[in-house]
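Visitor: I would like to learn how to read a few features of a model like this one. Could we begin with the ligand and then turn to the backbone and the helices?

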Amino acid sequence: MDAEVFLTHSNLSDDDVQGRTVIVIDVLRACSTIVTALERGARAVLPVLDMAQAGKLAANLDPDVYRLGGERNGEKIEGYHLGNSPPDYTREQVDGRDVILNTTNGTRALRQAQKASTLIAACFLNAGRVADFVRRTSESVTIVCAGQRNRLSLEDTLCAGLLLDRIWQGEEPRPVTDSAHTAYTVYNTDRNNLDSALRGANHAEWLAAQGYEADLDYCFRTDALPVLPYYTDNRLRLYEDVVSNN
Ligand code: MLT
């Protein structure tokens, strides 16, 4: 399958995604939060670009039916219900509610890719489910790593490589784009020591230093939550709910 990988979302344009199947990856932690919230019964996750957009959406909703979540510099935003630690998105918090999610990189990457014909959020937790879906439904794929502050993030690149390994079923096609070859090669270099490579990534070390080590244990579990967050009408919902139009 033809594949292209953007190692950060910073220069992504509408032309890069229009007419394409696009996977956005933010392992730490936005996409892990999205997968968790949907698995625990959230009706939808609405990713936003900034504080203003989050406030505007919240102002139009009944306070009982939404949760406002997100981070700046890794910490919960003042006045929000939740930060960006996936385990905090418990069933009690999110079941039957919409989650408005405002993060520094991940939710912006999703909004920047919103012109895609198919848009999916991915992380290690749902890697197998995403790879199966793309393999069955598409002939080409664009993977957008959120990265961090315009820079590559090792954990997102490794997740992109893992997805490609699953999508290609262990055999790299020829020809291959330079970007997909790079992500696949990095993954193959680290695949036998994946956990220690992930824990040595800059963002992981930073989160551990801020006291978020438990989030790393949570987010680095491959295939633990096989849900498919599918973007439609400015929100991510479970694919099954979108096709059955619930
Ligand atoms: C982001 O979107 O930038 C991340 O999810 C930041 C974080 O680790 O909370």
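Guide: Let us start with what is counted as a polar contact, namely a pair of N or O atoms within 3.5 Å. Please keep in mind throughout that this is a predicted model. With that cut-off in hand, a polar side-chain atom of histidine 203 lies 3.0 Å from an oxygen atom of the ligand.

Visitor: How should I read the backbone, and where is a peptide bond cis?

Guide: In general, most peptide bonds are trans, and most residues other than glycine have a negative phi. Here the bond from leucine 28 to arginine 29 is cis, with omega near 0°, and arginine 29 sits in the loop between strand 2 and helix 2. A cis bond also joins arginine 174 and proline 175, with omega about -5°, and proline 175 belongs to the loop between helix 7 and helix 8. As for phi, asparagine 150 has a positive value near 65°, and this residue is found in the loop between strand 8 and helix 7.

Visitor: What describes a pair of packed helices?

Guide: Two packed helices are described by the angle between their axes and the distance between the axes. For helix 7 and helix 8, the angle is about 95° and the axes are 7 Å apart, and these two helices are therefore roughly perpendicular to each other. Their contact involves residues such as Leu154, Leu158 and Leu162 of helix 7, together with Ala180, Tyr184 and Tyr187, among others, of helix 8. By class, this contact has 10 nonpolar, two polar and two charged residues.

Visitor: At what angle do the axes of helix 6 and helix 7 cross?

Guide: The axes of helix 6 and helix 7 cross at roughly 45° and come within 9 Å, which makes helix 6 oblique to helix 7. The crossing of helix 6 with helix 7 is right-handed. On the helix 6 side, the residues that meet helix 7 include Ala127, Gly128, Val130 and Arg135, while Leu162, Leu163, Arg166 and Ile167 meet them from helix 7. The residues of this contact divide into seven nonpolar, one polar and two charged.

Conventions
Residues are numbered from 1 along each chain as its sequence is written. This is a predicted model: local features need pLDDT of at least 70, side-chain atom pairs count only at pLDDT 80 or more; totals for chains, interfaces and linings use all residues. Side-chain values use heavy atoms; hydrogens and water are left out. Axes are lines fitted to C-alpha atoms, for helices over the stretch in contact, and angles run from 0 to 180 degrees between N-to-C directions. Helices (H or I, at least four residues) and strands (E, at least two) are DSSP runs, numbered from the N terminus. Angles under 35 degrees count as roughly parallel, over 145 as roughly antiparallel, 65 to 115 as roughly perpendicular and the rest as oblique. A crossing is left-handed if the near helix is turned anticlockwise from the far one by less than a right angle, and right-handed if clockwise. Contact means heavy atoms within 4.5 Å. Ala, Val, Leu, Ile, Met, Phe, Trp, Tyr, Cys and Pro count as nonpolar, Asp, Glu, Lys and Arg as charged, and the others, Gly among them, as polar. A polar contact is a pair of N or O atoms within 3.5 Å; within protein, one must be able to donate a hydrogen and the other to accept it, and residues adjacent in sequence count only if both atoms are side-chain atoms.
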